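Here are my notes on the model you sent over.

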Amino acid sequence: VTKILKGAEVVEAMNAEVAASVESLSAAGVVPTLAILRVGERGDNIAYERAVAKRAEKVGVAVKNVVLPEEASGEAVLQAVENLNTDEGVHGVLMLRPLPKHIDESFVRNTLNPKKDVDGITDLSLSGVFTGIDTGYAPCTAQACMDILDFFGYDLQGKRAIVVGRSLVVGKPAAMMLLDRHATVTVAHSRSVDLATRCRESDVIIACVGAAHMIDADCLAPGQIIVDVGINVAEDGSLVGDVDFAAADGLVDAISPVPGGVGTVTTSVLLKHVTHAATKSVGCHCE
Ligand code: NAP
C-alpha cells in the first residue's frame, strides 16, 4: 500500500510548535509579525498572500501588507524594503516574486535584512544552505520537502535521491539539503538525458519542474519515496503535481499529494521562521 504523505499531519505538528512560540512571545509582549511586500497585482501572488494571511491568523502571527503599484520605481521598492528592515515591529518579510520586469530583482532581494529573510531569498541565506553555517533561513519550499521526509521518519543516509528541477528557490537548495542528510544526489533538469532511467533507479524523487504528470509510470519503481513539489493546472482546471499520482499510487512506497502536500507545509515553515525571527529579535528564550 502506498503511504500518502499528507501535508496536514506535518502542519498540525508544526502549528503546535508555532503556537507555543507565539504564546511565549505574547508573554514577553511581542506579537510575531510578517510583512508581505507585493508589487503589482499578479493573481498568483495575491492568492499566495491571502493563503499566508489566513494561516498566519490561525496561529497568531500578525500580517502587515505592503502593496506597491505595478509601475512603482526601483527606488520606491528599495525604500519599502528599507522601511521594513528598520521597522522593529516587523520580524519577517515575504517579498512576493517575480517582481515586475523593470525592477532588478536580484539587487532588491539582497537589500533585505537577512535576519528578517524568513523566505530565504538573499544570497546570504542561500549560502547558509550550501555551507551549513547558520546565516539565516532556508528557502521554505525546499525546507518543507525535508520536513515532510523527516516527519514521516525517512532516513536518507546512503539513499539514491534525484531532484528533478534546479531552480534557486527549490531544486538547488533541496539537493544540498539531501546531501546534508547523506543521500547520494542526482540533480536533473531540462537538458538531462534518460531522465526516466535516472528516476527509476532512485530511492527518493523530489519533483520540482512545473509540468503536469511529467514524472510518469516510466520513472517510477516499487519502494520509492516521492515528494511532489509541482503545482500545475490540469486541462479540467484541477490542480495536479509533476508526478502522475495515479501511476504512483499502489506502486511506490510513499508520495506527497498535490494539493495537500508540500504547498501547505511551505506556509507553516514560513510562519515558523517568523516566530523564530521574532524570538531572536527580542533575545528571549521563547522556543
Ligand atoms: P522553475 O524555476 O521554472 O524551474 C523548473 C526546473 O525544472 C528548471 O530547473 C528546469 O530545467 C526544469 N525542467 C523544466 N522542464 C524539464 C523537463 N522536461 N525535464 C527535466 N527538468 C525540467 O520552477 P520552480 O520555481 O522551481 O517551481 C517548480 C514547480 O514547483 C512549479 O510547479 C511551481 O509551481 C512549484 N512550486 C511549488 C511551491 C510549493 O510551495 N509547493 C513553491 C515553489 C514552487 P532548466 O534549469 O534546464 O530550465
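1. Let's start with the ligand. Its shell has 20 residues, and Arg166, Ser167, Ser190, Gly210 and Ile231 come nearest (a residue is near if one of its heavy atoms lies within 4 Å). Before going on, some bookkeeping: this is a predicted model, where local features need pLDDT of at least 70 and side-chain atom pairs count only at pLDDT 80 or more, while totals for chains, interfaces and linings use all residues. Residues are numbered from 1 along each chain as its sequence is written, and side-chain values use heavy atoms, with hydrogens and water left out.

2. Now the polar contacts (pairs of N or O atoms within 3.5 Å). A polar side-chain atom of Ser190 sits 2.5 Å from a ligand oxygen, and a backbone N or O atom of Ile231 is 3.0 Å from an oxygen of the ligand. On the nitrogen side, a ligand nitrogen lies 3.5 Å from a polar backbone atom of Gly263. The protein buries 65% of the 920 Å² that the ligand exposes when taken alone (Shrake-Rupley, 1.4 Å probe).

3. What is the shell around the ligand made of, by class? Nine residues are nonpolar, ten polar and one charged (Ala, Val, Leu, Ile, Met, Phe, Trp, Tyr, Cys and Pro count as nonpolar, Asp, Glu, Lys and Arg as charged, the others, Gly among them, as polar). Helix α10 (residues 262–282) gives the most, with three residues (helices are DSSP runs of H or I, at least four residues; strands are E, at least two).

4. On to the sheet: three strands make an open, parallel sheet in the order β3-β2-β4 (strands pair if DSSP finds at least two bridges between them). β3 (62–68) and β4 (92–95) are at the edges with a single partner strand each, so one side of each has no neighbour in the sheet. From one strand to the next, the twist averages 20° (axes are lines fitted to C-alpha atoms, and angles run from 0 to 180 degrees between N-to-C directions).

5. β2 (residues 33–39) pairs with β4 over four bridges, and Ala35 has Val93 as its bridge partner in β4.

6. Please look at the backbone too. Most residues other than glycine have a negative phi, and most peptide bonds are trans. The Arg97 to Pro98 bond is cis, with omega near 5°, and Pro98 is in the loop between β4 and α4 (105–109). Val258 and Pro259 are also joined by a cis bond, omega about -5°. His182 has a positive phi near 70°, and so does Asp194, at about 60°.

Definitions and conventions
Polar contact = N/O pair within 3.5 Å; in protein donor to acceptor, adjacent residues only side chain to side chain.
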